[in-house]
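Work through the exercises below with the sequence and the model at hand. Each task is followed by a solution in steps.

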Amino acid sequence: MENPEKSQLFAVLQVLKKYNLKETEELLKKEANLGEGIDDNNLQQESDVSSVLTGYKSDGDPEAYEECYIELKRFVEGSLDIYKHELGTILYPVLVHMYLELVYNGHTEKAITLMERFGPEQDIYYQDDLRKLALVTKRDHMNGNELTDTFKSNQFIIRMSRDTLSLLKRHLHDKKASILLNIIQEHLYFDMYEGVARNKAQIDATSGAIIGEATRQDNKSKVLYGLPKAPDIQSLAAPVEDEEENNEQDTPDKPKKKKAKKDPFFSKKTKSDPNAPPPDRIPFPDLKDNDKIEKVKALREASRRINLGPETLPSICCYTLLNANYTVTCAEITEDSSMLAVGFIDSIVKVWSLVPQKLKAMKSADQLQDINIEADDVLVRMMDERSGETCRSLFGHSGPICAVSFSPDRTLLLSSSEDTTIRLWSLQIWTCVVVYKGHMFPVWDVKFSPMGYYFASASNDRTARLWATDHYQPLRVFAGHFSDVDVIQFHPNSNYVATGSSDRRPPRKCPFLKSDRNQAKCNRVRCETQTTPTLLTSMFIYAE
């Protein structure tokens with residue numbers, strides 16, 4: 001029996017032993033005449049499953065790799081301009097796998113020569129990965145390496161027109177280069193389409209990810225990107241007219257008051273968006289009366305907004321944080337610009353009031369017993385007027401703060417940290433009420449849903465997770481990125497989340513409850529300040 005075949009059989013035996021498939025294991029040993037004297041140590045020494053499944057085979061002559069790549073490059077450059085750019089997309093993945101195959105088979109010098117000669121010629125968006133790959137110079141370096149594992153376990157996706165692919169197949173058939181054929185068959189996937197070959201600009205617009213472009217099938221599911229109709233909150237305004245009518249009946253001698261006019265905001269009929277998801281697509285808790293009132297105020301304010309244009313430019317308010325003891329790592333402002341939350345590298349979160357009203361704390365339990373819970377202003381009465389402060393500090397994390405996010409009703413604050421946890425803070429009692437544990441590595445970003453209740457997190461463990469404020473464990477885990485998930489954002493209709501990763505992967509979709517996830521890319525920005533924190537504000541008016 002040849003040695004490569006024997007190592008593959010031993011790899012299969014390892015898998016069967018791992019999953020305790022004893023009968024199948026005995027049948028294989030009997031049929032392959034491997035004998036009964038094979039123990040676990042021999043299996044481990046003879047073959048490693050990951051090594052057998054790499055797909056990297058030695059073709060004997062390491063000199064042939066460089067010659068084969070030069071021949072392929074010459075073919076690409078000599079092709080017609082209409083096909084040249086699409087054919088050029090195979091040069092990068094072929095170079096990568098030739099390099100890894102040379103390293104795997106112990107031809108380090110040839111691998112380094114190949115990379116130094118042809119690496120700088122690759123597109124600029126691949127240069128970072130090539131620099132990391134150049135550090136892998138031995139087979140042992142490949143074990144557990146994030147980048148090489150990604151290349152080994154995934155096919156590089158290349159979109160190519162039918163005519164371009166036919167041209168490539170003819171070239172491969174004529175040359176019969178076994179090295180190139182093995183790499184293309186094992187590690188490349190061609191997503192063929194009908195039509196004219198793409199130009200360089202079109203290819204650059206979708207290229208640059210670790211495993212190539214997205215296939216056309218990835219983004220075929222329908223996305224409900226519209227905004228659903230707001231919940232029925234008109235009933236809150238109705239009792240005002242009923243009270244006036246009752247007063248008129250009780251006091252007929254008094255002059256009649258004019259009936260309150262119907263709110264023009266509610267009299268407008270809003271058209272339903274055909275692309276909006278059904279209101280019940282995502283389960284949300286019922287809105288409380290106070291939440292509905294806040295919703296009415298927000299909708300009225302939004303309806304009064306002026307459309308921006310050359311004649312109506314926006315005003316911008318810039319806040320500067322001075323005299324901080326430690327580096328500022330993140331900041332967030334509430335939607336109504338009433339509060340600012342800032343995270344620091346020393347694991348502290350600070351919240352400032354940006355309006356004259358100070359940050360008050362809730363009264364003690366004994367004092368709350370004396371409050372009339374039926375009063376309309378019960379929420380105001382619950383707060384201790386004497387406890388008002390301009391700034392409050394929140395302690396609890398044991399690592400640098402990575403992100404903060406306010407809830408839409410401004411009563412809760414989320415913070416994520418390098419200590420792998422997410423904390424939920426109450427902005428009424430100014431303390432941590434829940435610690436969410438699930439991520440195994442630093443949590444780079446966290447965001448509240450626009451509707452509240454749900455929030456999403458992004459982590460160094462290559463996953464994004466969906467949570468609900470009343471659940472300790474995540475509701476969904478979104479896996480698929482090949483590197484850190486750096487940022488996350490909700491769609492305004494709360495039915496989708498978008499994630500951005502260091503893997504530069506093109507857009508894909510996966511379910512969020514009953515929805516999808518697309519991708520975007522963003523960078524974290526940090527700035528440094530020193531000594532006691534002081535918040536300064538400045539207003540800039542931009543006009544023509």
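How many cavities of 30 Å³ or more does the structure hold?

**Exercise 1. The cavity**

Task: Answer the question above, then find which residues line the largest cavity and which helix gives the most to its lining.

Solution. 
Step 1. The model is a predicted one, and it holds one cavity of 30 Å³ or more.
Step 2. The volume of the largest cavity is about 30 Å³.
Step 3. Its lining consists of Pro 62, Glu 63, Tyr 65, Glu 66, Leu 102, Lys 110 and Leu 114.
Step 4. At least two lining residues come from each of α5 (63-77) and α8 (108-118). Helix α5 gives the most, with three residues.

**Exercise 2. The nonpolar cores**

Task: State how many residues the largest nonpolar core has, and which helix contributes the largest share.

Solution. 
Step 1. There are 49 residues in the largest nonpolar core. Met 98, Leu 168 and Phe 190 have the most contacts inside it.
Step 2. Helix α7 (residues 91-104) brings the largest share of this core, eleven residues.
Step 3. Take Leu 168 and leave aside its neighbours within four places in sequence: the residues in contact with it are Phe 75, Leu 87, Ile 90, Met 160 and Phe 190.
Step 4. As background, nonpolar side chains in soluble globular proteins tend to be buried together.

**Exercise 3. The surroundings of Leu 180**

Task: Decide whether Leu 180 is buried or exposed, and list what it touches.

Solution. 
Step 1. Leu 180 belongs to helix α13 (residues 178-187).
Step 2. The relative accessibility of Leu 180 is 3%, so this residue counts as buried; the limit for buried is under 20%.
Step 3. Not counting residues up to four places away in sequence, Leu 180 touches Cys 68, Leu 72, Val 94 and Leu 172.
Step 4. Leu 180 and Tyr 65 are separated by 115 residues in sequence, while their C-alpha atoms are 8.5 Å apart in space. Tyr 65 was listed in the lining of the largest cavity in Exercise 1.

**Exercise 4. The sheet from β10 to β13**

Task: Give the strand order of the sheet that contains β10, name its edge strands, and explain why β10 is largely enclosed.

Solution. 
Step 1. The sheet is open and has four strands in the order β10-β11-β12-β13, with antiparallel pairing.
Step 2. β10 (401-406) and β13 (431-437) are the edge strands, as each pairs on one side only. On average, neighbouring strands here are turned by 20 degrees against each other, direction ignored.
Step 3. Six of the six residues of β10 are buried, and therefore the strand is largely enclosed by the rest of the structure.
Step 4. Five bridges pair β10 with strand β11 (residues 412-417) in the antiparallel sense.
Step 5. β10 and β11 make a hairpin with five residues between them. Arg 410, in the turn, has a positive phi of about 65 degrees.
Step 6. Strand β12 (residues 421-426) and β13 run antiparallel and are joined by six bridges. Ser 426 has Thr 431 of β13 as its bridge partner.

**Exercise 5. The sheet from β14 to β17**

Task: Explain why one side of β14 and of β17 is left without a neighbour in the sheet.

Solution. 
Step 1. This open sheet has four strands, ordered β14-β15-β16-β17, with antiparallel pairing.
Step 2. β14 (443-448) and β17 (476-479) stand at the edges with a single partner strand each, so one side of each has no neighbour in the sheet.
Step 3. β14 pairs with strand β15 (residues 454-459) over five bridges in the antiparallel sense. The bridge partner of Val 443 in β15 is Ser 459.

Note on methods: Residues are numbered from 1 along each chain as its sequence is written. This is a predicted model: local features need pLDDT of at least 70, side-chain atom pairs count only at pLDDT 80 or more; totals for chains, interfaces and linings use all residues. Side-chain values use heavy atoms; hydrogens and water are left out. A nonpolar core is a set of buried Ala, Val, Leu, Ile, Met, Phe, Trp, Tyr and Cys residues joined through side-chain atoms within 4.5 Å. Buried means under 20% relative accessible area, exposed over 50%, partly exposed in between (1.4 Å probe, protein chains only). Contact means heavy atoms within 4.5 Å. Two strands pair if DSSP finds at least two bridges between them. Axes are lines fitted to C-alpha atoms, for helices over the stretch in contact, and angles run from 0 to 180 degrees between N-to-C directions. On a 1 Å grid over the protein atoms alone, a cavity is a set of points where a 1.4 Å probe fits but cannot get out, and a pocket is an open set with protein on both sides within 12 Å along at least five of seven lines; lining residues have an atom within 4 Å of a point. Grid points are joined across faces, edges and corners, and a volume is the space filled by probe spheres set on the points.
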